[in-house]
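Dear colleague,

Please find the structure below.

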Amino acid sequence: MSWLPTLITATPEEGYDLAIKLSRMAVKKTQPNDEARSAMRPDYANNADSLTQVSHVVATNFQTVAQANNYWRD
């Protein structure tokens with residue numbers, strides 16, 4: 001089974017959760033080594049610029065999910 005069977009969600013909150021998952025999976029697929037990701041985590045976890053960039057990536061993915069869901073308007 002695919003980790004991403006659909007972009008369709010029932011609510012905007014579910015869509016936002018999916019946007020976070022998309023963002024996390026991008027990191028995991030870019031750096032598949034768990035130990036390497038864990039070693040880097042302290043560097044970005046305490047860096048305001050890194051956290052702001054993460055927010056931007058999630059927002060971009062949320063925009064994609066929202067468009068796929070016709071902005072939850074039917």
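**Salt bridge**

Arg37 and Asp34 join their side chains in a salt bridge, N to O at 2.3 Å; the term requires a side-chain nitrogen of Lys or Arg within 4 Å of a carboxyl oxygen of Asp or Glu. This is a predicted model, in which local features need pLDDT of at least 70 and side-chain atom pairs count only at pLDDT 80 or more, while totals for chains, interfaces and linings use all residues. Residues are numbered from 1 along each chain as its sequence is written, and side-chain values use heavy atoms, with hydrogens and water left out.

The structure holds 1 salt bridge. Both partners, Arg37 and Asp34, belong to helix 2 (residues 34-45) and sit 3 residues apart, about one turn of the helix. Helices are DSSP runs of H or I with at least four residues, numbered from the N terminus. Arg37 counts as buried because its relative accessibility is 15%, whereas Asp34, at 48%, counts as partly exposed (buried is under 20% relative accessible area, exposed over 50%, partly exposed in between, with a 1.4 Å probe and protein chains only).

**Helix packing**

Helix 1 (residues 12-30) packs on helix 3 (residues 48-68) at about 125°, the axes being 8 Å apart. Axes are lines fitted to C-alpha atoms over the stretch in contact, and angles run from 0 to 180 degrees between N-to-C directions. Helix 1 and helix 3 are therefore oblique to each other (under 35 degrees is roughly parallel, over 145 roughly antiparallel, 65 to 115 roughly perpendicular, the rest oblique).

Regards

Notes: Helices (H or I, at least four residues) and strands (E, at least two) are DSSP runs, numbered from the N terminus.
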